[in-house]
Each structure stands twice: as C-alpha cells, then as structure tokens.
Amino acid sequence: MTLQQLRVLVAVVDARSFTRGARSVFMTQSAASQHVRSLELSLGVPLVERTAGAVLPTRAGEGLLRYARDILRTAGDAERYVGAVGRGRAGRLVIGASGSAVAVIPALVAALRAAAPGVEVALRVASRPEMESAVGGGAVDAAALSGPVRRAGVAAVALCADRLVLVAAPGTPLLAAGAPAPVPIARLAEQPLIAPAAASSTWRLVSSWAERAGVELRPEAHLDGGDAVKRAVEAGLGVALLSAWLVEREVALGTLRLVPLDPAPPARQYELARRAGREPDGALSTLLRAAPEHLRRRLPAGVEPAATGGPG
C-alpha cells in the first residue's frame with residue numbers, strides 16, 4: 001500500500017469516475033485503474049464497483065477511505081512541517097545561557113518567535129564551562145555567553161553590546177539633585193560594594209578596570225548570581241557593578257538607580273555560541289540571522305551599539 005495508491009483511490013471515489021479522478025491527480029485513466037487494481041490485489045478485496053454511470057466504494061473500500069483520508073492529511077502535514085523546518089520556520093531549539101547573559105534570553109526568544117513562531121524552544125541555564133561543553137557536544141543548539149568565546153569545537157557570532165553599570169538604591173548620596181556629574185572611581189572604593197562571585201567573568205572585568213584606574217576594590221560581599229546582588233542593592237546594603245541588561249527592569253521600575261562613573265565602566269559584548277564544524281541550518285540559522293538585529297534595536301540604557309558580524 002502506497003500513498004499514491006491511496007491518493008488515487010480517494011480521487012476516483014470522490015469524482016465517482018476513473019476518468020475524472022485520474023485527471024485530478026494528473027495521470028491517465030489507465031494508470032489510475034492500475035493503481036486501484038494493484039491496491040485491491042495487495043489487500044485481497046475489491047475496493048470499488050462500477051455501476052451505471054458511477055464508481056462507488058465497496059464496504060471494504062468505505063472503511064479504507066476513512067483511513068486513507070487521515071493518512072493523506074497526516075502525510076501532507078508532515079511534508080509541510082519538514083518544509084518549514086528546512087526554511088527555519090519550525091522545529092525545536094535548545095537555547096542556553098550562563099551568568100549575566102541569562103538577562104538577554106527573553107529578547108533572544110522574542111527574536112526567534114517574531115521570525116519563526118512555529119519553532120519550539122527549550123531553555124537551559126548552567127555554568128560557563130558546562131554551557132560551553134553542552135554547546136560543543138550538541139546538547140545545546142545555541143547559547144548566549146559573555147564574549148569572547150574561545151573554546152575548541154565552539155563557534156560564535158556577535159549578539160549584542162553590553163556595558164557594566166553602577167547601580168544603587170534610590171536616595172543614594174552618590175546621586176545629587178538634578179543631572180548628576182560622573183562620580184570619580186575613587187569614591188567607589190569608599191562605598192559598600194556588593195559583587196558577584198569572584199570567579200565570574202563580570203567580577204574579573206570589574207577588577208581589571210579598577211586596577212587600570214589605580215583603585216583597589218574590596219567588596220563587602222560576593223554573592224552567587226546577579227539576582228542576589230540586585231536584591232542586596234535594592235535593600236540598601238551597598239552598590240554594585242552589573243550588566244546593563246541584568247538591571248534593565250529594576251532601573252525602569254525605579255527600584256535601582258544608575259550612577260555615572262568616571263572613567264566609565266567597561267563595555268563588553270555578548271555572543272551567541274553554537275557547535276562548530278557544520279553550516280547552521282533550519283531554526284538555528286533563523287536564530288543566528290534574526291537575533292543580533294532584534295537585540296540591537298532594544299539595547300538597555302547606558303549601552304552603546306556595537307558592530308556585530310554574521311554567523312560564525
């Protein structure tokens with residue numbers, strides 16, 4: 001039993017004629033008759049009967065037609081799905097992130113939803129080494145990571161710009177009334193500083209920046225995770241240098257305030273990592289194409305656009 005045989009059977013019965021049914025599936029009457037006859041022989045029962053002026057299904061034919069219509073409908077859906085996957089409009093992607101890059105995941109998924117609403121998305125968060133290993137091994141299709149990403153077996157494309165910003169609770173003495181002038185970095189060393197984990201890429205970047213400015217920063221506490229740092233600052237326990245993406249919501253709500261610094265905290269870039277070694281296709285290709293442009297259009301306050309490249 002083949003799809004073509006079922007397709008011809010349905011066409012012939014619907015048209016009540018071998019000639020008209022054959023025409024609807026773009027074949028000759030004799031070819032259509034042969035398809036139906038072959039199907040009858042393979043099943044061992046007659047499926048149609050020729051009456052005066054019409055071709056009608058037998059009892060067995062009526063039962064088979066119900067299945068045939070469902071089978072052909074499912075086959076059509078499958079063909080359309082596979083075609084959509086090939087065009088990057090359907091399928092499934094596992095998207096990951098590590099550290100502060102978790103903050104760009106909502107925008108990343110929104111970019112994919114806008115470009116390919118039929119793609120199913122699963123999210124995964126892990127440490128930087130675990131995430132790079134998952135990407136290189138193919139367990140994660142793409143991951144947002146702070147750049148630069150340098151690991152064997154992993155390729156990356158520039159995703160979006162980021163900048164570290166100093167945040168404090170409303171009412172902080174660091175902000176004068178009106179438009180505040182940038183606060184000298186030396187004053188930062190006088191503040192109770194809440195920092196992310198000492199091993200994090202964010203803290204390493206902060207430390208290097210302060211050292212170049214001749215300032216030694218001694219945090220009051222290192223907390224595991226950006227959310228914990230934000231909550232501590234909102235509670236008035238100190239100030240923090242965090243990704244502008246990570247504090248975007250709190251700044252918009254007014255529970256955290258941006259404090260300008262002199263010199264300005266360092267800028268950096270998030271990258272979208274994928275497994276190296278083969279050309280991205282399907283939904284992954286759509287994500288790599290759509291995400292950088294989408295994120296460039298909605299950078300948070302304090303972040304300047306940066307040049308980004310194509311899929312790597």
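**Notebook: pocket, helix pair, salt bridges**

I started with the lining of the largest pocket and sorted it by class: 15 residues are nonpolar, twelve polar and eleven charged. I'm working from a predicted model here.

The largest pocket holds about 960 Å³ of space. Its lining runs to 38 residues, and the ones nearest the centre are S98, G99, S100, A101 and T202. I then checked which elements give two or more residues to that lining: helices α5 (105-115), α6 (128-137), α8 (201-212), α9 (226-234) and α10 (248-253), plus strands β5 (142-146) and β10 (240-243). The largest share is from α8, which puts in four residues.

I went on to α5 and its packing against α11, residues 282-296. I noted an angle of about 115 degrees between them and 8 Å between their axes. The crossing is right-handed. On the α5 side, the contact uses A107, L108, A110, A111, L112 and A115. From α11 I listed A283, T286, L287, A290, A291, H294 and L295. By class that contact comes out as eleven nonpolar residues and two polar ones, with no charged residue.

Last, salt bridges. I searched the whole structure and got 14. I picked out K230 with D227, where the closest N and O atoms sit 3.3 Å apart. Why this spacing along the chain? Both residues are in helix α9, and because they are three residues apart there, about one helical turn separates K230 from D227.

How values were computed. Residues are numbered from 1 along each chain as its sequence is written. This is a predicted model: local features need pLDDT of at least 70, side-chain atom pairs count only at pLDDT 80 or more; totals for chains, interfaces and linings use all residues. Side-chain values use heavy atoms; hydrogens and water are left out. On a 1 Å grid over the protein atoms alone, a cavity is a set of points where a 1.4 Å probe fits but cannot get out, and a pocket is an open set with protein on both sides within 12 Å along at least five of seven lines; lining residues have an atom within 4 Å of a point. Grid points are joined across faces, edges and corners, and a volume is the space filled by probe spheres set on the points. Ala, Val, Leu, Ile, Met, Phe, Trp, Tyr, Cys and Pro count as nonpolar, Asp, Glu, Lys and Arg as charged, and the others, Gly among them, as polar. Axes are lines fitted to C-alpha atoms, for helices over the stretch in contact, and angles run from 0 to 180 degrees between N-to-C directions. A crossing is left-handed if the near helix is turned anticlockwise from the far one by less than a right angle, and right-handed if clockwise. Contact means heavy atoms within 4.5 Å. A salt bridge is a side-chain nitrogen of Lys or Arg within 4 Å of a carboxyl oxygen of Asp or Glu.
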